[in-house]
Each structure stands twice: as structure tokens, then as C-alpha cells.
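User: I have a structure open here and would like to talk it through with you. Could we begin with the strands and then move on to the rest?

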Amino acid sequence: RHHAFEMQDYARDRLLELGCALRGAGHDRRRRSGIMAFRHPRFDSRDLAKRLRVRDCIFALERDGHVRLSMHVYSQRAGIDRLIQVLKRLLDEKARPL
């Protein structure tokens, strides 16, 4: 549980830096699980999910349009860093004029 929350805190901080809206990663550890979800205002979440999957990022898409992440004992910072790196690249691509 401690490890999952550490990874979730790390992911939360990185996703917030990119301007993502979050759910399920509050500061009160007594009231949360290792599950969190995010979306970014510049992307349709279904489109973002397709782009992330093609780049080997593993997650689930929730019915309400959030990308769902589940932290557990196997979660590592390297995996979160990979997700953030891919998301940054996608944001850079989206910002470029056609």
C-alpha cells in the first residue's frame, strides 16, 4: 500500500505539471486506493488513449473519458516516466501548427 501510494503521488505530481485534471489521487491516503484517473483538456480522451496504446502505455479508459491508472506493487517510476514522456511528446505534436 505504501509503495502504491508513493507511485500514485509521483504520477499525480507529474500529470499536474502537464495540466491534467485528476481524479482519485487526493492527499488523504485513508480515503483512496491505488487507482487514479486523468484527462487533458487539449485531447479527446479516446483519441489520447489510442495514441498512448500505440506507444505501449498500459492503462484503461473509463466510461467518463478519463484515462485510468492502477498503481500496485509492480509499479515503478520508470513506467510513470515513460507515460509522462509520451504524453509530453503528444502535447508538443498537438501544439505544432500544420
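User: Which residue in β2 is the bridge partner of L22?

Analyst: In this predicted model, L22 has F38 of β2 as its bridge partner, and β1 and β2 are paired in the antiparallel sense over three bridges.

User: What is the strand order of the whole sheet, and which strands are at the edges?

Analyst: The sheet is open and has four strands in the order β1-β2-β4-β3, with antiparallel pairing. The edge strands are β1, residues 21-23, and β3, residues 60-61, each of which pairs on one side only.

User: Switching to the core, how many residues does the largest nonpolar one have, and which of them have the most contacts inside it?

Analyst: The largest nonpolar core has 26 residues, and those with the most contacts inside it are L15, F38, L48, L52, L69, M71 and L87. At least two core residues come from each of α1, β2 (35-39), α2 (45-54), β4 (67-70) and α3 (77-95), and α3 gives the most, with seven residues. As a general point, nonpolar side chains in soluble globular proteins tend to be buried together.

User: Take L48, then; what does it touch?

Analyst: Not counting residues up to four places away in sequence, L48 touches F38, F43, V67, L87 and L90.

User: Okay, helix α1 next. How many residues does it have, and what is its reach?

Analyst: Helix α1 covers residues 2-17, which is 16 residues, and it reaches 23 Å from its first C-alpha to its last, close to the 22 Å expected at 1.5 Å a residue. The helix is followed by G19, whose phi is positive, near 85°.

User: Which residues of α1 are buried?

Analyst: The buried residues of α1 are A4, F5, M7, Q8, D9, Y10, A11, R12 and L15.

User: Why does Q8 count as buried, and what is it in contact with?

Analyst: Q8 counts as buried because its relative accessibility is 0%. Leaving aside neighbours within four places in sequence, Q8 is in contact with G24, A25, R32, S33, G34, I35, M36 and M71.

User: And H3, is that buried, exposed or partly exposed?

Analyst: H3, which also lies in α1, counts as partly exposed because its relative accessibility is 28%. Not counting residues up to four places away in sequence, H3 touches H72, V73, S75 and Q76.

User: How many residues apart along the chain are H3 and H72, and what separates their C-alpha atoms?

Analyst: H3 and H72 are 69 residues apart along the chain, and their C-alpha atoms are separated by 7.2 Å.

User: Last topic, rings. How many aromatic pairs does the structure hold, and which charged end sits over the ring of Y10?

Analyst: The structure holds zero aromatic pairs. The charged end over the ring of Y10 is that of R77, which sits 4.1 Å from the ring centre, and Y10 itself is among the buried residues of α1.

Note on methods. Residues numbered from 1 in each chain as written. Predicted model: local features only at pLDDT ≥ 70, side-chain atom pairs only at ≥ 80, totals over all residues. Heavy atoms only, no water. Expected span 1.5 Å × (residues − 1). Buried < 20%, exposed > 50% of the residue type's maximum accessible area, 1.4 Å probe, protein only. Core = buried A, V, L, I, M, F, W, Y, C linked by side-chain atoms within 4.5 Å. Contact = heavy atoms within 4.5 Å. Phe/Tyr/Trp six-rings, centres within 6.5 Å; stacked < 30°, edge-to-face > 60°. Lys NZ or Arg CZ within 6 Å of the ring centre and 35° of its normal. Pairing = 2+ DSSP bridges.
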